[in-house]
Amino acid sequence: MPNAQTHIMIGSAMSTVITLVDKEQYSLGHSLFIAPVLGGVVSKLPDIIEPAFHPNHRQFFHSVTMLTLLSAGLLKAYRWSPEEPLEKFIRGAILICGAAYLSHLICDASTPKGLPLVGKF
């Protein structure tokens, strides 16, 4: 079962990969110093929203529905070609944070407990 340290390491790695392979690398959000830190922090967000006080803590923000919505949003953000510097920064932040959150869900989906389909809101 992935623990906090595992989520942070994988979230940081995913954010670094996004930073290296994205076509719009000139955004401040794509800094190799900022991305791993931001990714590590955001990778813990699902457990901050739904703390693991008991084994059935996984609800909507740990669900297959959230994973699907997030994946669709990331694809849309990846295809977005902003012109303004602020928009480029926002796009980079969305990709980095989204990849980190997604890494958390994928790690949790690989456990025997898995992810609920929808979960409670």
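This is a predicted model: local features need pLDDT of at least 70, side-chain atom pairs count only at pLDDT 80 or more; totals for chains, interfaces and linings use all residues.
Biologist: Which secondary structure elements does the protein chain contain?

Modeller: Helices (H or I, at least four residues) and strands (E, at least two) are DSSP runs, numbered from the N terminus. The protein chain has five helices and zero strands, giving the pattern α-α-α-α-α along the sequence. Its radius of gyration is 15 Å, close to the 14 Å that the globule rule gives for 121 residues, so the protein chain is as compact as a globular protein of that length; the radius is taken over C-alpha atoms, and the rule is 2.2 Å times the number of residues to the power 0.38.

Biologist: What part of the 121 residues counts as buried?

Modeller: Buried means under 20% relative accessible area, exposed over 50%, and partly exposed in between (1.4 Å probe, protein chains only). By that reading, 40% of the 121 residues are buried.

Biologist: How many disulfides does a search of the whole structure find?

Modeller: A disulfide is a covalent bond between the sulfur atoms of two cysteines, and the criterion is a pair of cysteine sulfur atoms within 2.5 Å. The search finds zero disulfides. For C97 the closest cysteine sulfur is in C107, 17 Å away, and therefore too far for a bond. C107 is itself buried, with a relative accessible area of 12%.

Biologist: Where is Q59 found, and with which residues is Q59 in contact?

Modeller: Contact means heavy atoms within 4.5 Å. Q59 is found in the loop between helix 3 (45–49) and helix 4 (64–79), and at 22% relative accessibility Q59 counts as partly exposed. Leaving aside its neighbours within four places in sequence, Q59 is in contact with E50, P116, V118, G119 and K120. Q59 and I49 lie ten residues apart in sequence, with 9.9 Å between their C-alpha atoms.

Methods. Residues are numbered from 1 along each chain as its sequence is written. Side-chain values use heavy atoms; hydrogens and water are left out.
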